[in-house]
Structure formats: C-alpha cells, structure tokens
Amino acid sequence: MDTLTLASHGPVIPVIVINRLEEAVPLARALVEGGVRVLEVTLRTPVALAAMEAIAKAVPEAIVGAGTVRNVADARAALDAGCRFAVSPGYLHDVGVACRSIGLPLLPGVATGSEVMQANADGYQFLKFFPATAAGGIPMLKALAGPFHDVRFCPTGGITAETAPQFLALPNVAVCGGSWLTPADAVEAGDWARITELARATSRLRLA
Ligand code: 3PG
C-alpha cells in the first residue's frame, strides 16, 4: 500500500491512545461506524500492541496502523501485531530503510526543511508534519510548498475540528491527524456513540 492511499479514506486519521485493552475493539468499531476506517494506535501504552492485534482481528473494515514508531524494533513489533502502516513522530534513516525492507508503509514525521530532504532522499514523499501547530502551522505548510512542491503532508499536533478545514484547504495537505475524535473522557466512559458522532462529523470538514 502507498501511504497516500490512507488519505483517500477520509480527511482525518485519528491518533488513538488505548489504556485498557477492552476499549480497543469497541473504540475501533465506533470510529468505523462513523465512517473513519484508518486508525493510528499509538505505541504509548503497555497494551498498545495487543490493542492493534485485537482490532486487526476483530474489525476487518479498520485499517490499523501504529503511531509513535520511534525505532526499528517498534516497526517490526507493529507489523507482527497486524498493523498495515506506521507513523513516526520524526525521521530516522534506519527506520525508513527498515520499514521498506519489511514491507510496512511508513508515514514519517518532519518539522523542518532538512528533515523533509532526508525523508525525500530515502524515497518518502508523503510526510507527517509534526507537531503541526507548534512547528508553524499553516504559514509553515505554505512556506514548505515552495521548495517542496511535490511533497504532501499530514499535519498532526494541535489540530481541532475547528481548525482542520483550514489545514485541509491547503493544496499540499492530503489529510489531517489528531486526537480529537477520541477524547479521553469519552473513551474512559465507554461513550462510543459520542465517538461515532465525532467520526461522522469529519466527513463534513472538507466542505466547511
Ligand atoms: C500526537 O502524537 O499526540 C498527535 O500529534 C496528536 O496530537 P493532538 O492530541 O494535538 O491531536
């Protein structure tokens, strides 16, 4: 799979933190029910790998990926857990090469021109711009469009339902990432209907 395919499923890739394994499948089902199929589950909790595996097995409509991939071991573990893509918060040549060699599509994170150049040199043209708001937001994405006219971005970090339409309107933005579809209090309370509604609302973001 080409990572740009991930952007063809909708305007938002939810960044998900799962603290309790039993939340994984109902949370994934709630997002899929709302039309959001591409799910980035972050490698930030002890149950993250088990959660990815559970979703990959129980929710076939979901396209599960691993977020917060920081090294080659993370990438291998994600693949073993059934992940179909990986997202990294920054870029490391070793991780880029390893993902290619194990056949795990990678959306690598960048925040500067040098990092874009390094990722491009290793064959990556679709990049996560992270942390999007803190690293310059929309003006930075507009500035990067000049020298990097052939690069598309998935800005992530500090984006909300209110600001997403402005990011999505930029020609070099293919999709946005963010945690606002899975608020911690809704997950904690098992309020899956609210998560389905937040997911459903993303389909209107490109028109906003
Ligand atoms: C992250 O890695 O935590 C993501 O960038 C999500 O950021 P957000 O919580 O600001 O959407």
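To begin with, is the crossing of H2 and H3 right-handed or left-handed?

A: The crossing of H2 and H3 is right-handed; that term applies when the near helix is turned clockwise from the far one, by less than a right angle, and left-handed when anticlockwise. The model is predicted, so local features need pLDDT of at least 70 and side-chain atom pairs pLDDT 80 or more, while totals for chains, interfaces and linings use all residues. Numbering starts from 1 along each chain as its sequence is written, and side-chain values use heavy atoms, without hydrogens or water.

H2 covers residues 21-33 and H3 residues 48-58; helices (H or I, at least four residues) and strands (E, at least two) are DSSP runs numbered from the N terminus. The two axes come within 9 Å and cross at roughly 40°, where an axis is a line fitted to C-alpha atoms over the stretch in contact and angles run from 0 to 180 degrees between N-to-C directions. H2 and H3 are therefore oblique to each other, the class left over once angles under 35 degrees (roughly parallel), over 145 (roughly antiparallel) and 65 to 115 (roughly perpendicular) are taken out. On the H2 side, the contact (heavy atoms within 4.5 Å) is made by Leu21, Ala24, Val25, Ala28 and Arg29, and on the H3 side by Ala50, Ala51, Ala54, Ile55 and Ala58. By class, these residues are 9 nonpolar, no polar and 1 charged. Nonpolar here covers Ala, Val, Leu, Ile, Met, Phe, Trp, Tyr, Cys and Pro, charged covers Asp, Glu, Lys and Arg, and the others, Gly among them, are polar.

H2 also packs against H10 (residues 192-201), with axes that come within 7 Å and cross at roughly 40°. This crossing, too, is right-handed. Here Glu23, Pro26, Leu27, Ala30, Leu31 and Glu33 of H2 meet Trp192, Ile195, Thr196, Ala199 and Arg200 of H10, a set of 7 nonpolar, 1 polar and 3 charged residues.

Another helix pair is H4 (residues 72-80) and H5 (residues 93-102), whose axes lie 9 Å apart at an angle of about 25°. H4 and H5 are therefore roughly parallel to each other. From H4, Val72, Ala75, Arg76 and Leu79 take part, and from H5, Asp94, Val95, Ala98, Cys99 and Ile102; the set holds 7 nonpolar, no polar and 2 charged residues. The crossing of H4 and H5 is right-handed.

Both ends of H4 have a local feature. At its start, a side-chain oxygen of Asn71 reaches to within 3.2 Å of the backbone nitrogen of Ala73. After H4 comes Gly82, with a positive phi near 95°. Thr68, in the loop between strand E3 (63-67) and H4, has a positive phi near 60° although it is not glycine.

A further backbone feature is the cis peptide bond between Phe130 and Pro131, with omega about -10°. Pro131 belongs to the loop between strand E7 (126-129) and helix H7 (137-145). Phe130 is also among the residues that surround the ligand, together with Val15, Arg44, Thr156, Gly157, Gly158, Gly178 and Ser179; each has a heavy atom within 4 Å of it. Ligand oxygen atoms lie 2.6 Å from a side-chain N or O atom of Arg44, 2.6 Å from a polar backbone atom of Gly158 and 2.5 Å from a side-chain N or O atom of Ser179.

Notes: Polar contact = N/O pair within 3.5 Å; in protein donor to acceptor, adjacent residues only side chain to side chain.
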